[in-house]
Amino acid sequence: MDRFRYVNKDIKRTDGALIVTGRAQYTADIEHPGMLYGKILRSPHSHARIKEIRSESAKKLKGVKAVVTGKEIGYRRFSFIDTPAYPADETPLAVDKVRFIGEGVAAVAAATEEIALKALALIEVEYEELPAVFDPEEALQDGAPAVHDVIEPNTTTAWEDFGIPRKARPYTVVHNISNKTLIEYGDVEKAFKEADYVREDRFIIPATSHVAMEPHAAVANYQPTGKLDVWLTHMGYEHKRFWLAKLLNIPISRVKVHRTYVGGAFGGKSSFFPYEFIAAYLSKLTLRPVKITLSREEVFSVCPPSRRMIIRVKTGVKREGRITAQHVKIIDDVGAYRSSSPTAMYLAHVFRNPIYDIPNVRHEAFGVYTNKLPTVAKRGHGLPQMSFAVESNLDTICEDLGLDKVEMRLKNFRKKGDLLPNGDTLTSYALPECLKQAVAGIGWNEKYDKKRFRGLGIGTASMFSGSHNFPFSSAAFVRLNHDGRVILYSGQTEFGNAVDTVMAQIVAEVLNCSMDDVIVHSGDSEVCPHDIGNWLSAGVFISGKSVMMAALDLKEQMLTYAEEGLRTPIDRLEMVNGWVVSQSDKTNRASFSDISKYAIQKAGGDPLIGKGYSKCVPEVYFWKEEFNKIASLSSGKGRFTEAYGLAAATAEVEVRPETGEVKILKMVVADDCGTPINVTSVKGQILSQAVMGIGDVLFEEVMMKSGRVINPNLLEYKIPTVTEIPPIDSVIVDSYEPKGPFGAKEVGETSRAAVIAAIANAICNAIRILEAISPAMKT
Amino acid sequence: MKGGMKRRVLLRVNGEDHEVLIKSNRTLIEVLRQDLHLMGAKEACGMGACGACTVLVNGKPVHSCMTLAEEVEGKEVETIEGLAQGGELHPLQKAFMDYHAFQCGFCTPGMIMAAKALLNRNLHPTEEEVKSAISGNLCRCTGYGNIVEAILSTAREIEK
């Protein structure tokens, strides 16, 4: 641990002064001279055909600069997931029919927000209402209203653009099925027959909102030269500029996503949004900057919240607690557009797979269209729902059979070095240690079953550290300046994850220089190289690795010049505090500044720029025939990631029998994130997820009635406040991941799922029934 | 027009006088951000439910999204931009940095102003008093613990 100077240390945010002075610039803070304000007219119907839109009087209103309708924009389809099998199904504004309350039908750009809102009121839309379907199980029945018919691809998919030989094909929707996943290994039926005990439970999990404090916003400035500048609330620029370029038909290199601060994301700002296209389209139409800021009500009622799932879990065990078979069946209520469902249904298996070693598995999932708000990834993407369902099922099995809940889990955990059925290897794996620490920290043995209406619960979770999915990989540049300082160019996005600080730590560690001498230029799509983004939990593992490789490349280039200048072999040189020093004679040295000046003067102007890159599972690529034969989100086959983060949580709760009120007394969250780069930031990520998990179980639900969100504001949708936080211990279990930068792997998404399962199980333990007690999680 | 005629209003913000021509329905946050270009106060809910827009009026915290700009005429308005003096950060700002009391930072200006209001009236707050003072300020990132620590440490620091 002590071999590091900056890694695995408490390092303060290098950009903290900007935040505490109110100077950090978020998209909502961007202003331009002559800027227009955009607003979107939204459907009041869940399902209706658009017969006519009359916008003449809106166009005539003083201050209105442009009015557009879905028909004018046409079928420019986009989606979170867009593969040959699952072509994009969403349009920026509804073209022929609306599929959920809140879907955009027209948009206005005007001199002020007030005028834009007035103009919306002047647009007349004639609808023909259609029967709507809200329940996914009803949507699967014969004769249910059809949300979609045939989805015709009208652009190539990202997969095709990057070289997969398969062509996008039309997707005919039958029984409202948006997507299917079937992953199987072993013989589940036989194993159930041979099991000593089989239990099946059904869980209905509603959506919760991300509630990032910054509402979604976009500023677009289309230049008369054909270049588009945008400022977005996002989690990685590749996905955004891909869709902006594709839908506006401009080269991707001419779309510049500017660096902004992003006021929280949690998955909810990862996908491409209609308002982002509309801002850009209106800017192109008016040749003026256009800003669209969504109201909190719009964020709640039109931006996708977490996925709504109905999960059946059937588990077979031997008498002593060994799990021999598990059959999971998910109905994912995707809403009006499928968004991330094909991935989520696959991830729901993949993220639980590293936890228990179950020889016979069937994982069946269906995404089902309904006339509701679409759903998307939220911190864990399918994992929290699955952890809740599986861990609840296991806890009940333990109670039914009188098994020790800790021992039972320890008995079934996988082991370090295990090869998973898809080919991934658990090169680092400290889940057993996480559970032991979480159990010891809560005082499990002393407290379990000792007091009435007090309960203890356990939850587990695992999460990948990036994958080979789009945007696939990251690169970084580190440039030496002639004052001896370095500038890092990385496409990472800041939304609370301290990327500038963490990446500077990595560079300073490699070059053994002061953190002050590392300047970070991040999140600028024009200057920074390709980046996988800060989703897929890939930030540190993939982008951090590319930053490390770039710094190592620069180091080698610098040492090569120093070898010449200091007349000392390269293996006898070291870097110390901004100097290259000979190990045998410490006075024989050259400063970083000297090396830069030498390269500029003597070596033909060599600018000394280090380049690094990293791709998760590099052996998987689209030109590889073998990969193309097997890779599929629907069958879950093929390599997926190189390292899994893991977490175990415990919770102690007290339930008031008279009122059902739940009080969380204590929580312990132990997270195996490999070696933390920034200890404070990692603990912050764990605590953040723990508190978010409290909200998920105790307070939060996006409530819907007949397709309408009925609590679309922060008074009626309650998130945890400072007064509701119990003592929480966050424990870092350092498993050292050999493939990560300095041993690091994922930390931002695992714990939330473990916490949700732990609290739910603790409540059930306190009241001894698996019963509806929380607004968010019902059985 | 909604909000009626425009009126000349004299606002005193961070010790500086500003004359603005505004309609009576303009909120304080709108005028701070759009007319005075003070972008520190953030709008996150628009209904006084989250505290991100907190500024001080005569030393007391208000939701600037729920306050009409003309209501604060003649009063002393303080925003996050006025906290650092002479190039030196306020002790609360330093403590928020030292204690990692923010992640995305969007709630931070409001949170710091709510804390400033507490310390204005109570230099020796207990942990419970700190929690009560920021109970109307939502933070989705930090889990609040580091924020409470930062405020308590500032109180201890000022006392020295």
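The model is predicted, so local features need pLDDT of at least 70 and side-chain atom pairs count only at pLDDT 80 or more, while totals for chains, interfaces and linings use all residues. Residues are numbered from 1 along each chain as its sequence is written, chains are lettered from A in the order in which they are written, and side-chain values use heavy atoms, with hydrogens and water left out.

Between the two chains, 41 residues of chain B are in contact with 48 residues of chain A, contact meaning heavy atoms within 4.5 Å. The buried area is about 3,800 Å², and carbon and sulfur atoms give 64% of it; this is the accessible area (1.4 Å probe) that two parts lose on being put together, summed over both. On the side of chain B, B:H100, B:Q103 and B:R140 lose the most area to chain A, together 22% of what that side buries.

The count of salt bridges between the chains is 5, a salt bridge being a side-chain nitrogen of Lys or Arg within 4 Å of a carboxyl oxygen of Asp or Glu. B:D98 and A:K12 meet in a salt bridge, at 2.7 Å from N to O. Helices α1 (28-35), α2 (91-98) and α3 (108-121) of chain B each supply at least two residues of the side that touches chain A. The largest share, 4 residues, comes from α2(B). Helices (H or I, at least four residues) and strands (E, at least two) are DSSP runs, numbered from the N terminus.

B:Q93 has its place in helix α2 of chain B. B:Q93 is buried, with a relative accessible area of 0%, where buried means under 20% relative accessible area, exposed over 50% and partly exposed in between (1.4 Å probe, protein chains only). Leaving aside neighbours within four places in sequence, the contacts of B:Q93 include A:V20 and A:T21 in chain A and B:I80 and B:L83 in chain B.

Rings of Phe, Tyr and Trp (its six-membered ring) pair if their centres lie within 6.5 Å; planes under 30 degrees apart count as stacked, over 60 as edge-to-face and the rest as tilted. The rings of A:Y26 and B:F106 have centres 5.0 Å apart and planes at 85°, so this pair is edge-to-face. A:Y26 lies in the loop between α1 (16-20) and β1 (36-42) of chain A and B:F106 in the loop between α2 and α3 of chain B, so the pair joins two chains. Both residues, A:Y26 and B:F106, are buried.

Within chain A, one aromatic cluster is formed by A:F78, A:F162, A:F242, A:W243, A:F272, A:F470 and A:F472. A:F470 is joined to A:P471 by a cis peptide bond, with omega about 5°. A:P471 is in the loop between β18 (454-464) and β19 (473-480) of chain A, and A:F472 is found in the loop between β18 and β19 as well. A:F472 has a positive phi of about 75° although it is not a glycine, and A:F472 is buried at 7% relative accessible area. Most residues other than glycine have a negative phi, and most peptide bonds are trans.

A:R307 lies in the loop between α10 (296-302) and β15 (308-317) of chain A and is buried, with a relative accessible area of 1%. The side chain of A:R307 makes a polar contact of 2.6 Å with that of A:S340 and one of 3.1 Å with that of A:T375. A polar contact is a pair of N or O atoms within 3.5 Å; within protein, one must be able to donate a hydrogen and the other to accept it, and residues adjacent in sequence count only if both atoms are side-chain atoms.
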